[in-house]
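The following account leads through one protein model, moving from individual residues to the overall fold and then to points of backbone geometry. Please keep the sequence and the coordinates in view while reading.

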Amino acid sequence: MEGAGYRVVFEKGGVYLHTSAKKHQDPDSLIAGVVRIVEKDSDVLLHWVPVEEAGDSTQILFSKKDVSGGDSCTSEEEPTFDPGYEPDWAVISTVRPQSRHLEPTRGAEPSSPRGSWAFSVSLGELKSIRRSKPGLSWAYLVLVTQAGGSLPALHFHRGGTRALLRVLSRYLLLASSPQDPRLYLVFPHDSSALSSSFHHLQLFDQDSSNVVSRFLQDPYSTTFSSFSRVTNFFRGALQPHLEGASPDLLPPPDDEPEPGFEVISCVELGPRPAVERTPPLTEEEWAQHVGPEGRLQQVPVLKARIFSGGLSPVLRREAWKFLLGYLSWEGSAEEHKAHVRKKTDEYFRMKLQWKSVSPEQERRNSLLHGYRSLIERDVSRTDRTNKFYEGPENPGLGLLNDILLTYCMYHFDLGYVQGMSDLLSPILYVIQNEVDAFWCFCGFMELVHGNFEESQETMKRQLGQLLLLLRVLDPQLCDFLDSQDSGSLCFCFRWLLIWFKREFPFPDVLRLWEVLWTGLPGPNLHLLVACAILDMERDTLMLSGFGSNEILKHINELTMKLSVEDVLTRAEALYRQLTACPELPHNVQEVLGLVPPAEPQSPSPPTSPLPLSPTRAPPAPPPPEDTAPQPDSSLEILPEEEEEESAES
């Protein structure tokens, strides 16, 4: 977009001001607008204008530099802008909208109430840019001027901070502050300014003017050759990212990437290795690992074998009890029998708690009544096309209902949340015993119960970790998704919530889950499964010109069209490619389980969600008690031959 004396080089809509004016009745009002980067004469300006005035490009108020350097012209009648954010924002001075010498163009309406919030600032007047804390809420940026005041925070409701920062990097150098990893210091493309800036940041022990000259002529060869400290600085200066500017400027370990903010890594991955999966583990191979007294031997080897090929369908009923922590890998056959007797008695005591509630009592127990209604509704539509659950008055549906209601008695705090029936259905299909299926389900929920907590902190963390992995594996795909307002990866939410239950055919879900339950090759393999799916669809997404709606539609249409073996093969290859990189960022190593996660700086509240870690074993069963054998009173469902045949296919 060009006009007389100016050229718009960047424009992004959906950028809001969250205003809090003392004389307004609505302190949380939102003002939608457009942010632009404009080249005007010999200056470059950043301009924000409300959406009601943004339709005509001529309605832009360009500011001239205020040579007086003061704001004495500010009227006392103007409302004070107060961002109202977290306490650490106190280090940024909040100022009234400065009354600048404006050069209004034709059609401008500065008297408009919303138009009074419009502002324009020369890039040369910027001192720093502060980004929002990591999270999945709207990302925002705050521009701080050389005078020490801050402009109103720009909230990007539809993404776009990456694109804005990339354009700004054409005109400015952005360097991570040594004191605050969320603050980026702004420097012009000028050798003398850079030299003084290096001295201010204490990046060099000697004069750096020669380094700056060489850098401006040939930035990459100079930067990445012998000046390691310069390298680390310019990695942050040219492209703002969360890893910081140098090893001694790393952000806190829990500072994870967020949607809407650029996280650029200079990591160069090597070639992706070829991976071949093996056939499923057979009964004969399993029997070779059963030692005296029925104890399993060489368990790590056995788990590795399950990871590389999965289980044969006839083995699942027994092996899943170990994978889900119901039976101990180290226990003997007699110990397992005693443990099952104890757990059977415990299950029916909990089941009796809700079974003994009369209809009159339930009318006065809104929580139990709500759980029962939600479970009945979800069970009635769970896997009804599967032969095991099809047809009216199917006994499998009754078992789903009873197990889920009993889980509400087992886990009072969590109760039942929509989606749990999807996790129980395959377990009951394989185990085909009410008690055993319940305790296996509890083992699975021990891994993923954070997904269903009301705070959704676990889901937010996983989406952030997924974005981090994808940024290292395929930054171009991340840039494309962000340009289409899909950079938050929210279309992957269902994948992570119920572990791809609705993305693969039913037999493939069984294979996928038993591989994930091994905890190999490290925690969070399910995130690499998501990366593998996106990698497989990369060309389709990027070459088809999809927008955000088309991307969501395409992802949803992948349901039941994916091959689990292809996805697992690619996920393992991605893992090997990442772990072979000698310069893998520390936070990526934490996600992959290569290094232990950093301890939090302050103790976490007891109600905080547990991290999703498939390698975390459920609590060890208590020692067996010398109790008399009890009959198994749970409902046993004998498998049919055609069901096993369908599972094998």
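In this predicted model, R36 is buried, since its relative accessible area is 2%. The residue belongs to strand β3, which covers residues 30-40. Its side chain makes a polar contact with the side chain of E11, at a distance of 2.5 Å.

Strand β2, residues 6-18, runs antiparallel to β3, and the two are joined over 10 bridges. Within this pairing, Y6 has K40 of β3 as its bridge partner. β2 also pairs with strand β12, residues 154-156, again in the antiparallel sense but over 2 bridges. Here the bridge partner of Y16 is H155 in β12. As background to reading such strands, side chains in a regular strand alternate between the two faces of the sheet.

Apart from neighbours within four places in sequence, the contacts of S128 are with V142, L143 and V144, and with L183, Y184, L185 and V186.

The view may now be widened to the whole chain. The protein has 649 residues, of which 52% are buried. Its secondary structure consists of 24 helices and 14 strands. Among contacts with a separation of 6 or more, 69% are between residues 24 or more positions apart.

The interior is considered next. In soluble globular proteins, nonpolar side chains tend to be buried together. The largest nonpolar core of this model has 117 residues, and the members that touch the most others are I427, F444 and W517. Helix α14, residues 434-448, contributes the largest share of this core, with 11 residues. If neighbours within four places in sequence are set aside, F444 is in contact with L324, L423, I427, W499, W513 and W517. There is also a second, separate core, which has 28 residues and includes V15, V44, L172 and V186. V186 is also one of the residues in contact with S128.

Helix α9 gives a simple check on geometry. The helix comprises 23 residues, 333-355, and at 1.5 Å a residue it should span 33 Å; the C-alpha atoms at its ends are 32 Å apart, so the two values agree. Which residues of α9 are buried? They are H336, A338, H339, K343, T344, Y347, M350, K351 and W354. The buried residues of α9 pack against α8 (313-323), α11 (366-379), α12 (395-410) and α14.

Two further sites bring together positions that are separated in sequence. L552 is found in helix α21, residues 548-556, and is partly exposed, with a relative accessible area of 41%. L552 and C490 are 62 residues apart in sequence, while their C-alpha atoms are 9.1 Å apart. G522, by contrast, is in the loop between α18 (506-517) and α19 (525-536). At 8% relative accessibility, G522 counts as buried. Its C-alpha atom is separated by 9.1 Å from that of Y575, 53 residues away along the chain.

The loop between α18 and α19 also holds P521. A cis peptide bond joins L520 and P521, with omega about -5°. For context, most peptide bonds are trans, and most residues other than glycine have a negative phi.

The backbone angle phi deserves attention at two other loop positions. Q298, which is not a glycine, has a positive phi of about 50°. Q298 lies in the loop between α6 (283-288) and α7 (299-309). Is Q298 buried or exposed? Its relative accessible area is 55%, so Q298 is exposed. D485 is likewise a residue other than glycine with a positive phi, near 60°. D485 is found in the loop between α16 (475-483) and α17 (493-497), and is partly exposed, with a relative accessible area of 35%.

Key:
Residues numbered from 1 in each chain as written. Predicted model: local features only at pLDDT ≥ 70, side-chain atom pairs only at ≥ 80, totals over all residues. Heavy atoms only, no water. Helix = DSSP H or I, 4+ residues; strand = E, 2+ residues; numbered from the N terminus. Buried < 20%, exposed > 50% of the residue type's maximum accessible area, 1.4 Å probe, protein only. Contact = heavy atoms within 4.5 Å. Polar contact = N/O pair within 3.5 Å; in protein donor to acceptor, adjacent residues only side chain to side chain. Core = buried A, V, L, I, M, F, W, Y, C linked by side-chain atoms within 4.5 Å. Pairing = 2+ DSSP bridges. Expected span 1.5 Å × (residues − 1).
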